[in-house]
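Please look over the sequence and the structure shown below before reading on. The report then takes up one topic at a time.

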Amino acid sequence: MGIAYLEFLRRARGLGSLRRRAQTIARRYGLTSSRMMEAIDALVSELEQYECRATFPVTAVALARNPAPIRYLRERGAEIAVHGWNHVDLERYSLEQLREYLSRALELFERQGIPVWGFRSPYLRHNGAIRQAAEEAGFRYVSNQPVLWDTIELSGYSRERLQAYQQAIDFYGPKVSAEHLSLPVMQGRIVEIPVSLPDDEMLVERLGAGSAQIAEVWTRILHQTYARGELFVLQLHPERAEVCAPALGRVLSEARALNPPVWIASLHEVAEWWRQRQIESGRAPFWPGNARSALSITGDIDALTLWDYGARFIGR
């Protein structure tokens, strides 16, 4: 598992990004969850300032080892979603393997008393089998389809940084916003909710962007989705809260200032609204409260400690 996973990371991130990533892991994670608790609290404080409810997809391994931070998030009003058992690539899993994988994760969330409605794959890796297994498991939505927005001025970045950024695009294989609507889609009984790129990993780890640059990129996506009447699902891992929390605050501030308003909602709220709209009318969608567009903040929690992070290398 360890060698195979390292090879997967090399393909996903490239050697340059992988070296940089290794240097930051020990700084962002600790042997206990205290560092991540500080990061989570920073994000939740920004969200509460603008009266926003976010969705945090969490791996079962992280929940099992450190349930207190996840319970803390729920107490602060966050939605919790399933981010798999552990943070591994699921794209090559068979349907039967996926059924077992999701069943194992769901049992853990149930034992911990954490209600869940949605599933996001690690690395956003998705295929028809993943969607089918999620639907069979009773999930109401999945959020794996990336949509790439052209909101970055790439001149000024080094060749190595640009290569790492392009490698991320190649890895995710996103749809392009110029050719694809950023809106939920009903797939059988499950709602597929798109995820907007570039996300925090691409901006921080690949391009080395700072808070001001990240804020510019994300606010451009906000205004593009607003102009088009679409959905901006912002993906932000709490481990990068130190650099990304100010950018999140800028996005939320601008969203709250727009009139007509932006509907800011959890993924579960988006999925249930979309499902009801399809049942009731089947007409062209509009957002609740006369909103012109919608915004969902998501914070994937892949791990809470170094022990959680290391679990992906041994498949536990």
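The sections below move from the whole chain to its sheets, a helix, a single glycine and the aromatic residues.

## Model and confidence

The structure is a predicted model. The mean pLDDT of the chain is 90, and 89% of the residues reach a value of 70 or more.

Residues 1-6 are a part of the chain where pLDDT stays under 50. For this stretch the model has 11 contacts beyond four places in sequence. Where pLDDT is low, the predicted coordinates should not be read in detail.

## The chain as a whole

The chain has 316 residues, of which 57% are buried. Its secondary structure consists of 12 helices and 12 strands.

Contacts can also be sorted by how far apart the partners are in sequence. Among contacts with a separation of 6 or more, 81% are between residues 24 or more positions apart.

Strands of a sheet pair through backbone hydrogen bonds, either parallel or antiparallel. In this model, 3 strands form an open sheet in the order 6-5-9, and the pairing is parallel. Strand 6 (175-176) and strand 9 (195-197) are at the edges, and each has a single partner strand, so one side of each is left without a neighbour in the sheet.

Strand 5, which covers residues 146-148, runs parallel to strand 6 and is joined to it by 2 bridges. Across this pairing, Leu 148 stands opposite Val 176 of strand 6.

## Strands 1 and 2

Strand 1 and strand 2 also pair in the parallel sense, here over 4 bridges.

Strand 2 is covered on both faces. Glu 79 and Ala 81 are buried on one side, while Ile 80 and Val 82 are buried on the other.

## Helix 4 and its surroundings

Which residues of helix 4 are buried? In this helix, formed by residues 67-75, they are Pro 69, Ile 70, Tyr 72 and Leu 73. Viewed down the axis of helix 4, these buried residues fall within an arc of 155 degrees, so they line one face of the helix. On the other side of helix 4, Ala 68 and Glu 75 are exposed.

The cover over the buried residues of helix 4 includes helix 2 (34-49), strand 1 (55-58), helix 3 (60-65) and strand 2 (79-82). Just after helix 4, Gly 77 adopts a positive phi of about 100 degrees.

## Gly 128

Gly 128 belongs to helix 6, which spans residues 128-136. With a relative accessible area of 45%, Gly 128 is partly exposed.

How many residues apart in sequence are Gly 128 and Glu 91? They are 37 residues apart in sequence, and their C-alpha atoms are 9.5 Å apart in space.

## Aromatic residues

A pair of aromatic rings is described by the distance of the centres and the angle of the planes. A search of the whole structure finds 9 aromatic pairs. One aromatic cluster is formed by Trp 263, Trp 273, Trp 274 and Trp 287.

Arg 104 lies over the face of Trp 85, at 3.9 Å from the ring centre. The charged end of Arg 292 sits over the ring of Tyr 226, at 5.3 Å from its centre.

Key
Residues numbered from 1 in each chain as written. Predicted model: local features only at pLDDT ≥ 70, side-chain atom pairs only at ≥ 80, totals over all residues. Heavy atoms only, no water. Phe/Tyr/Trp six-rings, centres within 6.5 Å; stacked < 30°, edge-to-face > 60°. Lys NZ or Arg CZ within 6 Å of the ring centre and 35° of its normal. Pairing = 2+ DSSP bridges. Buried < 20%, exposed > 50% of the residue type's maximum accessible area, 1.4 Å probe, protein only. Arc of directions from axis to C-beta. Contact = heavy atoms within 4.5 Å. pLDDT = per-residue confidence, 0-100.
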